[in-house]
Every structure is written in C-alpha cells, then in structure tokens.
Amino acid sequence: SYLALPILREKWSVDLSEGEARALLEDCMRVLFYRDCRALNRIQIAKVTKEDGVLISDPYELETEWKSASFVEPKGELEGDGGW
C-alpha cells in the first residue's frame with residue numbers, strides 16, 4: 001500500500017540482510033495495520049529462494065502499542081462521534 005512507501009524509501013537498500021528485510025516488512029505491515037480498522041495484526045511471511053523454494057512462516061502477531069495519546073484521548077471533542 002502507498003502508506004508503506006515512505007518507510008521503504010527510507011530504509012530499503014540492496015544489501016539488506018534477511019533479518020533487516022524481515023524487520024522492514026514488519027514495520028510496513030504494522031503501519032498498514034494501524035491504518036486499517038478491519039485488519040488483524042496476525043501475519044505470515046514468505047521467503048522464496050532458488051535452493052529452498054518457497055518457505056512460509058507460521059502465522060504470528062505483530063507487536064503493537066495502543067498507548068499513544070492520539071489513541072487514548074480522542075481529538076474530536078464531540079460526544080459519541082467516535083472520531084479521533
């Protein structure tokens with residue numbers, strides 16, 4: 001999604017290790033999770049190599065944090081509007 005593009009532009013490089021690439025992918029997925037009210041923070045990651053073929057991880061949950069002031073205290077100031 002276009003919301004992850006700034007993160008990819010800033011952090012991606014040709015020589016990323018597998019661990020760095022996985023962390024970058026998780027950062028992107030975390031941003032997309034926060035922005036989609038119907039999404040779950042449960043993901044799977046696939047790796048494709050010539051030697052091993054396709055490897056798909058077991059599903060796991062991304063670590064998320066909802067204690068930010070923007071999440072805790074709505075900005076709408078209108079009773080019952082449900083806005084931030």
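How many aromatic pairs does a search of the whole structure find? In this predicted model, the search finds 1 aromatic pair. The pair is formed by phenylalanine 33 and tyrosine 34, whose rings are tilted, with 5.7 Å from centre to centre and 45° between the planes. A pair of aromatic rings is described by both the distance of the centres and the angle of the planes. The tilted label applies because an angle under 30 degrees would count as stacked and one over 60 as edge-to-face. The two partners can also be described by their accessibility. Phenylalanine 33 has a relative accessible area of 12% and is therefore buried, the limit for that class being under 20%. Tyrosine 34, at 26% relative accessibility, counts as partly exposed.

The overall fold provides the setting for these side chains. The protein chain contains 3 helices and 4 strands, arranged along the sequence in the pattern α-α-β-β-β-β-α. Of its 84 residues, 13% count as buried. Among contacts with a separation of 6 or more, 29% are between residues 24 or more positions apart. The chain exposes about 7,100 Å², and carbon and sulfur atoms supply 54% of this area.

Helix H2 covers residues 18–35. The buried residues of H2 are Leu24, Glu26, Cys28 and Phe33. These residues pack against helix H1 (5–11), strand S1 (42–43) and strand S4 (60–61).

Charged side chains were examined next. Side chains of opposite charge can pair when their charged atoms come close. The search of the whole structure finds 4 salt bridges. One of them joins lysine 47 and glutamate 18, with 2.8 Å between N and O. This pair links distant parts of the chain, as lysine 47 lies in strand S2 (residues 46–49) and glutamate 18 in helix H2, 29 residues apart. Lysine 47 is partly exposed, at 30% relative accessibility. Glutamate 18 has a relative accessible area of 51% and is therefore exposed, the class being set at over 50%.

Another salt bridge connects glutamate 26 with arginine 22, the closest N and O atoms being 3.8 Å apart. The pair qualifies because the cut-off is within 4 Å. Both residues belong to helix H2 and are 4 residues apart, about one turn of the helix. An α-helix has 3.6 residues a turn, so residues three or four places apart point the same way. Glutamate 26 is buried, with a relative accessible area of 18%, whereas arginine 22 counts as partly exposed at 33%.

A salt bridge is also formed by the side chains of arginine 30 and aspartate 27, at 3.1 Å from N to O. In helix H2 these residues are 3 residues apart, so about one helical turn separates them. Aspartate 27 counts as partly exposed, at 25% relative accessibility. Both residues take part in a network of salt bridges that links Lys11, Asp27 and Arg30. Lys11 falls within the range given for helix H1 (5–11).

Note on methods
Residues numbered from 1 in each chain as written. Predicted model: local features only at pLDDT ≥ 70, side-chain atom pairs only at ≥ 80, totals over all residues. Heavy atoms only, no water. Phe/Tyr/Trp six-rings, centres within 6.5 Å; stacked < 30°, edge-to-face > 60°. Buried < 20%, exposed > 50% of the residue type's maximum accessible area, 1.4 Å probe, protein only. Helix = DSSP H or I, 4+ residues; strand = E, 2+ residues; numbered from the N terminus. Contact = heavy atoms within 4.5 Å. Areas by Shrake-Rupley, 256 points an atom, 1.4 Å probe, with all protein chains shown as cover.
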